[in-house]
Amino acid sequence: MDFALRNAAATVGIDSVTVVEGDTDSVNAVFTVTRSNRDTAFSVNYATASGTATSGADFTATSGTLNFAAGPSEPLMQTVTVPVLGDRIDEANEQYTVTLGGLVQTIGTTTIGTGIGTGTITDNDEAGVILAESGGGTA
């Protein structure tokens with residue numbers, strides 16, 4: 001193995017994403033995980049966590065591992081897809097996170113830069129109108 005590759009250094013990070021929820025089906029929130037160069041090889045785990053958005057009601061919990069290989073033709077970016085569940089409930093915008101961790105080095109040294117991406121779910125439902133009868137009685 002080349003000395004430069006054994007001593008290579010890079011960072012990896014995840015972005016934040018905003019999606020508009022649907023009414024009945026799910027839409028995908030696609031987070032991009034980017035490394036700073038192609039000189040290192042590593043794997044990194046990811047997992048979602050509830051915030052104001054709740055797993056199972058607002059989004060589908062997602063976890064896994066991304067593997068990045070070293071080399072000039074290897075991609076700088078990979079994606080993490082989180083299904084966002086639609087509903088017809090008027091609610092505030094909600095958030096959850098995707099966290100990177102469990103970094104395993106294969107070639108060189110990679111560190112996690114931005115380790116938490118925030119998923120924002122923008123509500124698309126309007127508040128309902130409640131009609132009430134007026135007291136049309138006599139005085």
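Me: What pattern does the protein chain follow when read along the sequence?

Reply: The protein chain of this predicted model reads α-β-β-β-β-β-β-β-β-β. Helices (H or I, at least four residues) and strands (E, at least two) are DSSP runs, numbered from the N terminus. The chain has one helix and nine strands. Residues are numbered from 1 along each chain as its sequence is written. Local features need pLDDT of at least 70, side-chain atom pairs count only at pLDDT 80 or more, totals for chains, interfaces and linings use all residues, and side-chain values use heavy atoms, without hydrogens and water.

Me: Why is T48 called buried?

Reply: T48 has a relative accessible area of 17%. Buried means under 20%, exposed over 50%, and partly exposed in between (1.4 Å probe, protein chains only); T48 is therefore buried. T48 lies in strand β4 (residues 41–50). In the whole protein chain, 34% of the 139 residues count as buried.

Me: Which residues is T48 in contact with, leaving aside its neighbours within four places in sequence?

Reply: Contact means heavy atoms within 4.5 Å. On that basis T48 is in contact with F59, T60, A61, T62, V82, T97 and V98.

Me: What makes β1 and β3 a pair?

Reply: Two strands pair if DSSP finds at least two bridges between them. Three bridges join β1 (residues 9–14) to β3 (residues 26–35), so the two strands pair, and they run antiparallel. V12 stands opposite R35 in β3.
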